[in-house]
Every structure is written in structure tokens, then in C-alpha cells.
Amino acid sequence: MDGYRRFVSKRTSLFRASEIRELLKLTEGRDVISLAGGLPDPRVFDPRLADIAKEIIEKERDHALQYSPTAGVTEFRQTLKDFADSKGIKVTADDEVVVTAGSQEALFLAARVLIDPGDKVIVEEPTYLAAVNVFREHGATFEAIPIDSEGMQTDVLEERLRRMSKDEKKPKLIYLVPTSQNPSGSTMSQERRKHLIELAEEYDLLIIEDDPYSFFTFEPIQVDYLKTLDKSGRVLYMSTFSKILSPGLRVGWVLGPRDLVSYLELSKQTIDLHTSTLSQYIIMEAIKKGIVDATIERARALYKIKRDSMMDALEEYMMDLADWTRPVGGFFTMVYVNGEIDMKALMYEAIEKYGVAYVPGESFFPVSKKKNTMRLNFSYPSPDQIVEGVRRVALLVREKLGK
Ligand SMILES: Cc1ncc(COP(=O)(O)O)c(C=O)c1O
């Protein structure tokens, strides 16, 4: 790559190659248990999608295989508003939807529209790594607010906002995953959600509510969406069908005030013209036929069992070595090892010697870079693999801490 360095743009030089992804390539074709990924369990995929795809191509060929509007297929956008409404996400008369190629594109569009080089973005710490990478690529710097089991600590946020209000360049954007967060699994309490909205009002901030996981929590949660609590058009809500139908269809969506969302639509025109028309038709039909809701229920049941396996295994093998979060949903738990340890430096050894892979937590902490952390995935491995994987991680950690 370096031979072409002189040709590449300044922006490209902000891209970060993932060393972790390189390391994880070592796991391919080997007897390594991976707790590193973030894939859905294919058993949640619904075989009826085959019939739907066939039927749509037969009956709707003229439309489903055609170009479609940048913001999304008109009927599908209405379906998404109805879907949001049915899940308790407030949709106002001023709101509009843009359909995206997964939430990843939604994040990219939001960053492209909202961030100038040098802008400060407020994030949870830890936070979703791919969002950090997108924001960084657009020149953002980060103000990181710690989270605990009740999500972002809004009292810390308040104090920081007060301090930053004296700066010449004030932050204008907060990004968070309030429910079943990636990577920590924590869910923000109702009280903090309300506090966050108040602070956004007081300090004139926009909020990105990134929400891939709220539809299949393992226990009921008594919280409102930030989008629902919002009274003045400050929340850009985004979600995806990746975890509740299929990531391969690549369909996400953004819901927010029409005037704001129109910028995202404009930005999308020069990226990919529109999201796959066929995928949108398939999902529209899957929603109508109850397949999305059925997938949600399968995901809830299956991932709950796996979450429990992970929690049990951590208790059995790591009780004296670490603390961890107990997620009410999502795919992950974050482990904080007690003691001086660099989980990133140990990755190679974990794979080579112990036959287990995890994601070192450091990169999820854009400011504090906590080295004693790792993200463990429970959605993809089987319960047996989860238990054995955690046992192996514990062996490694125990050896390094000399316990
Ligand atoms: C918090 C969060 N946001 C966004 C995404 C992107 O999902 P997709 O692009 O598949 O919709 C993910 C995927 O893991 C995620 O965990």
C-alpha cells in the first residue's frame, strides 16, 4: 500500500487498518474458539425468505429489480414508520425515513453531513468501534463519557458540558447506543435518558441514537427510546435489520426530522444512489408476513440461553479475575480484568497457545484506551463453545496474573 502513499488523499490517511482483523485471520481453519465476532447465529435466519424472494422476483419484477428512490422505496418507508410506531418509537408528522445499506451507512451519512474536521463528538466510553472509525475518518475528536451498568453517566456529561461551554468550539453531537450497548451490553436507565434529553436541550446538541439491539431484550426493560422522549427534533434514530432478519440483506434505516434527514438523503445520492431495491421489497414482505417478529422471538430465546451460558461460565472461571457486564440484550459482554494486563498484547498467544479469540477492549475506549479489557461475543458460538472459550480465556489471564 505504501508505494501509493503519495497519491492518496489526506482523508484516506486517517483510515485505520484493523490489526485485530489481521490477527483474527489466524483463527481461520484452525481449532480456535472465537468469542471475537459479532455475527448473528444463522439459526435465527428464516427459511421462508427463500419463498418471499422467489415470489417477489416473479410478481414484482418490474419494480423490485429496478432502480428506486434514494430515500428508499416509498411504501417501505411507510412500513418502517409503522414498524417504529408498533415498537414504541415516536414518529411525528415532521419525521422522515431514509433507508440505508445497514446502519453502518447511516453512521457514515450522519458523519458526512454533521462533522467538520476538528469537531468534537461526545461518545460513551466504551463505545462502538466502527462508529468511532467513521467519525475519526471525518476528522472528529472525541469527548468520552464513562458508562456503567445504567449507561452513560449523565452527571459526568453535565459537568463536562458545563466546562466545554466556555470553549470556542462547542460540541454539537452525542453518539450513543442506549440499549444493549455494543460493546458493553449496558442499557441506559430511564432517569439518565431523561437527563440526557434535558442536557441536549440546554446545550443545543443533536443525539444519534444507534439501536440495533432493543427489539430482542432477554428481560423486559422499562425505558423509552430517546427518540420518544425527544420533544424538539434533536434525535436522529437509526436501526437495522441485521440482527432481526439478516445482515446480508444490508438494510438499515434512519428516522428523524425531515429537514435533517434530507441532508442524509442528499449525501447518499453520491454514494450508492439507493439501497438494494430487492432487499427492501423482501423485508417489506417479511414484516407483513410476521417473519421479522418471528425472527425477533427466535433471536430473543436463542441469545438468552447463550447470554446465560456466558454469564455462568464467567462466574465459574473468572470470578476472582475480573468484573463484567450482565447484558439484558445484544451480542456482547465486556470483561474488565482486575490487574495490570494488556489483552491486546496477549491476542496472539490466546490464539496460538490457548485456541481462543476475543476482541481486545482497548479500541472501544477512544480516549482512555483501557488495556485490561476484552469484548466477548455470545451470539455466534454454541453454548458449549462459550463455556470452553471462557475457560481458555481464564487460563490465559490466570497465567499472566500469576494467580
Ligand atoms: C452499535 C452498532 N451500530 C451499527 C452496527 C452496524 O450494523 P449494520 O451495518 O449491519 O446494520 C452494529 C453492528 O454490529 C452495531 O453493533
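A: Leu-26 sits in the loop between helix 1 (19-24) and strand 1 (33-34). Helices (H or I, at least four residues) and strands (E, at least two) are DSSP runs, numbered from the N terminus. The model is predicted, so local features need pLDDT of at least 70 and side-chain atom pairs pLDDT 80 or more, while totals for chains, interfaces and linings use all residues. Residues are numbered from 1 along each chain as its sequence is written, and side-chain values use heavy atoms, with hydrogens and water left out.

Buried means under 20% relative accessible area, exposed over 50%, and partly exposed in between (1.4 Å probe, protein chains only).

What does Leu-26 touch, apart from its neighbours within four places in sequence? Its contacts are Tyr-348 and Ile-351. Contact here means heavy atoms within 4.5 Å. The C-alpha atoms of Leu-26 and Ala-357 are 9.5 Å apart. Along the chain, Leu-26 and Ala-357 are separated by 331 residues.

Contacts across the sequence can also be put as a share. Take contacts between residues at least 6 apart in sequence: 76% of them join residues at least 24 apart.

Next come the sheets. Strands of a sheet pair through backbone hydrogen bonds, either parallel or antiparallel. Two strands count as paired if DSSP finds at least two bridges between them. An open sheet of 4 strands runs in the order 10-11-14-13, with antiparallel pairing. Strand 10 is joined by 3 bridges to strand 11 (residues 332-337), and the two run antiparallel. Within strand 11, Tyr-336 is the bridge partner of Asp-323.

There is also an open sheet of 8 strands, in the order 2-9-8-7-6-3-4-5, with mixed pairing. Strand 2 (95-100) and strand 5 (151-152) form its edges, and each pairs on one side only.

Look at strand 8 in this sheet. How many of its residues are buried? In strand 8 (residues 235-240), 6 of the 6 residues are buried, so the strand is largely enclosed by the rest of the structure. In a regular strand the side chains alternate between the two faces of the sheet.

Strand 8 has partners in both senses. With strand 7 the pairing is parallel, over 4 bridges. Asp-210 has Met-238 of strand 8 as its bridge partner. Ile-207 has Val-235 of strand 8. With strand 9 (residues 252-257) the pairing is antiparallel, again over 4 bridges. There, Thr-240 stands opposite Gly-252.

Now the loops. Asp-204 lies in the loop between helix 8 and strand 7 (206-210). Its phi is positive, about 55°, although Asp-204 is not a glycine. Asp-204 is exposed, with a relative accessible area of 54%.

Ser-180 also has a positive phi, about 50°, and is not a glycine. It sits in the loop between strand 6 and helix 8. Ser-180 is buried, with a relative accessible area of 1%.

The loop between strand 6 (173-176) and helix 8 (190-202) also holds Pro-183. A cis peptide bond joins Asn-182 to Pro-183, with omega about 20°. Where is Pro-126 found? It lies in the loop between strand 3 (120-125) and helix 6 (129-137). The bond from Glu-125 to Pro-126 is cis too, with omega near 5°.

Finally, the whole protein. It has 14 helices and 14 strands. Of its 403 residues, 54% are buried. The C-alpha trace spans about 65 × 60 × 55 Å along its principal axes. A compact globule of 403 residues would have a radius of gyration near 22 Å, and the protein agrees with 21 Å. That radius is taken over C-alpha atoms, and the globule rule is 2.2 Å times the number of residues to the power 0.38.
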